[in-house]
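The report below describes one protein chain, moving from its overall dimensions to a handful of individual residues. Please keep the sequence and the model open side by side while reading.

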Amino acid sequence: MSPILDRDLLLKLPKAELHCHLDGSVRAETLLDLGLEYGQPMPRQDADGLRDHMRVSDAHNLEEYLERFTVTLSVMQTAAALERIAYELAVDAAADGVRYLEVRYSPILNVRHGLSLGEAVEAPLRGLARAHRELGIVGRVIVCAIRSMAPDVSLELAELAVAYRKDGVVGFDLAGGEAGHPASLHARAFHHARNHDLACTCHPGEGDGAESVRQAL
């Protein structure tokens, strides 16, 4: 008879987390703290209520699901906030037995209050590095482009990812609402990443059928 995989055993098993969105992984308590600090109202005023609100179960499509990210992004506009959120994410992952963590997000969404794109990359890298020093978990970053933005913006983000590939950025990705935004429009960005030996991933088939997968390939 095979042994029962209980929670304690699962926690002890070493794991790799390869698809984790930074702006989808903020602690509810941290959202409340940062909302108060930066004057951003939250849709719920207690951690349990906010945690339940952020767990999307009522979306009718991908675009509705992604709307919930506006809550977390509202407080992810400073270097201090980005560093804290990345650090806490790595701490929580380590507590689940994760040894290697790849965190993806789009820095272009974190510069609304004056951060440069470089600062928006360096801050999470600092948070991941701190967690590594304290807990041994290895954290890396994947820079995401957004389908609904102009291809030139995607190319700029690919160039950003390449510029930090020796500092902890390990990949380039395309995310966001799919309908009407084919991956092929962003081909130059992917070519730039691949031509500089940077790994690529893509979010296809979540909201626009099989043709979106063909576009990604």
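Is F190 buried or exposed? F190 is buried, because its relative accessible area is 17%, where buried means under 20% relative accessible area, exposed over 50% and partly exposed in between, computed with a 1.4 Å probe and protein chains only.

## Basis of the model

This is a predicted model, in which local features need pLDDT of at least 70 and side-chain atom pairs count only at pLDDT 80 or more, while totals for chains, interfaces and linings use all residues. Residues are numbered from 1 along each chain as its sequence is written, and side-chain values use heavy atoms, with hydrogens and water left out.

## Overall form

The protein has 10 helices and 5 strands, these being DSSP runs numbered from the N terminus, with helices (H or I) of at least four residues and strands (E) of at least two. The C-alpha trace spans about 50 × 45 × 35 Å along its principal axes. A compact globule of 217 residues would have a radius of gyration near 17 Å, so the 18 Å of the protein agrees with that expectation; the radius is taken over C-alpha atoms, and the globule rule is 2.2 Å times the number of residues to the power 0.38.

Of the 217 residues, 42% are buried. Among contacts (heavy atoms within 4.5 Å) with a separation of 6 or more, 77% join residues 24 or more positions apart.

## Surface and charge

The accessible surface comes to about 11,400 Å², and 53% of this area belongs to carbon and sulfur atoms; the areas come from the Shrake-Rupley method with a 1.4 Å probe, and for residues only the protein chains shown count as cover.

The protein carries 22 positive and 32 negative charges, whose mean positions are 5 Å apart. In this count Lys and Arg are positive and Asp and Glu negative, with His and the chain ends not counted, and the place of a charge is taken as NZ of Lys, CZ of Arg, CG of Asp or CD of Glu.

## The nonpolar core

The largest nonpolar core has 55 residues, and those with the most contacts inside it are L22, L101, L157 and F172. Helix α6 (residues 79-95) supplies the largest share of this core, 8 residues. A nonpolar core is here a set of buried Ala, Val, Leu, Ile, Met, Phe, Trp, Tyr and Cys residues joined through side-chain atoms within 4.5 Å.

Leaving aside neighbours within four places in sequence, L157 is in contact with S106, P107, I108, L117, V143, C144, A145 and F172. F172 itself lies in strand β4 (residues 169-175) and counts as buried because its relative accessible area is 0%. The C-alpha atoms of F172 and A158 are separated by 6.4 Å, although these residues are 14 residues apart along the chain.

## Residues around F172

S154, in helix α8 (residues 151-163), is buried at 1% relative accessibility. Beyond residues up to four places away in sequence, S154 touches A145, I146, F172, H186 and A189.

F190 and G118 are 72 residues apart in sequence and 19 Å apart in space, C-alpha to C-alpha.

## Strand and loop positions

E17 lies in strand β1 (residues 15-21) and counts as partly exposed because its relative accessibility is 29%. Leaving aside neighbours within four places in sequence, E17 is in contact with V98, Y100, L101 and E102; E17 and Y100 are 83 residues apart in sequence, with 6.3 Å between their C-alpha atoms.

D197 is found in the loop between α9 (187-195) and β5 (199-200), where D197 has a positive phi of about 60° although it is not a glycine. D197 is exposed, because its relative accessible area is 70%.
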